[in-house]
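The sequence and structure are shown first.

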Amino acid sequence: MSDHALRDLLIACADTKLLLGYHYGEWTFGTPELEAAVASCSLSQAEMGHVRLLHAILKKQWDCDPDALVEIRERAEFANIAFLDRPLADWADFVAMNAVVDLAVTRVLHSLRESTVQAIQVNVAKMLDEERYHAHHGRGWFRTMAADPAQRDRLAAATARALASARVWFGPDHADLAAALKADIDGISPAGVAVRELPAPDFAKWNPVTRRIGGGAPEEEILYHLRGTRNAIFKLN
Amino acid sequence: MPTCPFCGSADTVRETPFGTSLMVARHYCRACRSFFENIKWGDREASLDLPGFLDTDRDPERPA
């Protein structure tokens, strides 16, 4: 992988984790059980912490400005997994985000765990340690919902959308990661949820920087909250 | 019951189902008279439900 490709991939991981942190945080007040609310808040903090670690690596290795990556960029430059562009519709979306989208980034980080860049190697090991608990939480809820006929179809639809979105984000050279992710999900509940086979994306117009096909970006309002636009004048310097 | 993280004794009792956060329970060790908290998910990491690549005991690609 070229130096620039590695940088862009880390930015894409940081962007996705930033959006994961936002949605987990927002859902602290929307979970069906109190324990899941506490978990969601902790998941959010972990993701935001990982963003800081990734931004520190980007600063050290490539002199990227962490503030600029969050505050100044155009919306259309964000390279997050598209599933996170909009508010989550319901709890099934949340569980698909936790079990699939979060795990997709973890799959990429796992592939970088033996990087020759020492800062990547060390920080990825730490992130993978924490991601084990994210996976455990997502899979637990996935099993519970897959076992309920009233919830199963909704979960299957959200999961199919999450997998398709991750497939595009992985890009044309990483069908292997997409297949591994699908196998991770199939391994949770082989009989419970029938997830549709992924439609093969048309990668002809895939943008390797934003990792998207034909544009797309996080909603204005999500970035407004993430950036704290309303409270900009209260920012501590 | 979990063993005491301070002295290793199995002579422990559960004091409360919730500790400083919802995910932990509070325990008391009768051997060394210490309080400790325990994550309710399970006493052993091995009980985590993980995809193979994140399970450090099962990861076939894990570097030696």
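The model is predicted. In chain A, helix H2 has 29 residues, and at 1.5 Å a residue these should span 42 Å. Directly after H2(A) comes A:Asp63, whose phi is positive, near 55°.

Which residues of H2(A) are buried? They are A:Ala36, A:Ala39, A:Ser40, A:Leu43, A:Ala46, A:Glu47, A:His50, A:Val51, A:Leu54, A:His55 and A:Ile57. An α-helix has 3.6 residues a turn, so residues three or four places apart point the same way. The cover over the buried residues of H2(A) includes helix H1 (3-26), helix H3 (66-72) and H5 of chain A.

## Helix H5 of chain A

At A:Glu130, H5(A) bends by about 25°.

## The nonpolar core

The largest nonpolar core contains 65 residues. Within this core, A:Val95, A:Ala96, A:Val100, A:Val101 and A:Ala166 touch the most other members. At least two residues of the core come from each of H1, H2, H4, H5, helix H6 (149-170) and helix H7 (175-186) of chain A. H4(A) provides the largest share, 14 residues. In soluble globular proteins, nonpolar side chains tend to be buried together.

A:Ala166 illustrates how the core is connected. Apart from neighbours within four places in sequence, A:Ala166 is in contact with A:Ile81, A:Val100, A:Val101, A:Ala104, A:Ala178 and A:Leu181. Two of these partners, A:Val100 and A:Val101, are themselves named among the core residues that touch the most other members.

## Two loop residues of chain A

A:Arg211 is found in the loop between strand S1 (206-207) and S2 of chain A. Is A:Arg211 buried or exposed? It is buried, because 22 other C-beta atoms lie within 10 Å and the cut-off for a buried residue is 20 or more. The phi of A:Arg211 is near 55°, a positive value in a residue other than glycine. Most residues other than glycine have a negative phi.

A:Ala217 occupies the loop between strand S2 (212-213) and helix H8 (220-227) of chain A. This residue is partly exposed, because 19 other C-beta atoms lie within 10 Å, while a buried residue needs 20 or more. Setting aside neighbours within four places in sequence, A:Ala217 is in contact with A:Arg75, A:Ala76, A:Phe78 and A:Asp85. The C-alpha atoms of A:Ala217 and A:Leu84 are separated by 9.2 Å, although these residues are 133 residues apart along the chain.

## Chain B

Chain B has 0 helices and 3 strands, giving the pattern β-β-β along the sequence. Of its 64 residues, 12% count as buried. Among the contacts in chain B with a separation of 6 or more, 19% are between residues 24 or more positions apart. The pLDDT of chain B averages 76, and 69% of the residues score at least 70. Strand S1 (residues 12-16) has the lowest mean pLDDT among the elements of chain B, at 80, and strand S3 (residues 34-39) has the highest, at 88.

B:Arg33 lies in the loop between strand S2 (24-29) and S3 of chain B. This residue is exposed, because 10 other C-beta atoms lie within 10 Å and the cut-off for an exposed residue is 12 or fewer. Phi of B:Arg33 is positive, near 55°, in a residue other than glycine. B:Arg33 and B:Thr3, 30 residues apart in sequence, are 13 Å apart in space, C-alpha to C-alpha.

## Where the chains meet

For the complex, the predictor gives an ipTM of 0.79 and a pTM of 0.83. How many residues of each chain take part in the contact between chain A and chain B? There are 15 residues of chain A in contact with 10 residues of chain B. On the side of chain A that touches chain B, two or more residues come from each of helix H2 (34-62), helix H4 (91-111) and helix H5 (118-146) of chain A. H5(A) gives the most, with 7 residues. By class, this side of chain A has 5 nonpolar, 4 polar and 6 charged residues.

Key: Residues numbered from 1 in each chain as written. Chains lettered and ligands numbered in written order. Helix = DSSP H or I, 4+ residues; strand = E, 2+ residues; numbered from the N terminus. Contact = placed C-beta atoms within 7 Å. pLDDT = per-residue confidence, 0-100. Nonpolar A, V, L, I, M, F, W, Y, C, P; charged D, E, K, R; others polar. Expected span 1.5 Å × (residues − 1). Core = buried A, V, L, I, M, F, W, Y, C linked by C-beta atoms within 7 Å. Bend = angle between axes of the 7 residues up to and from the residue.
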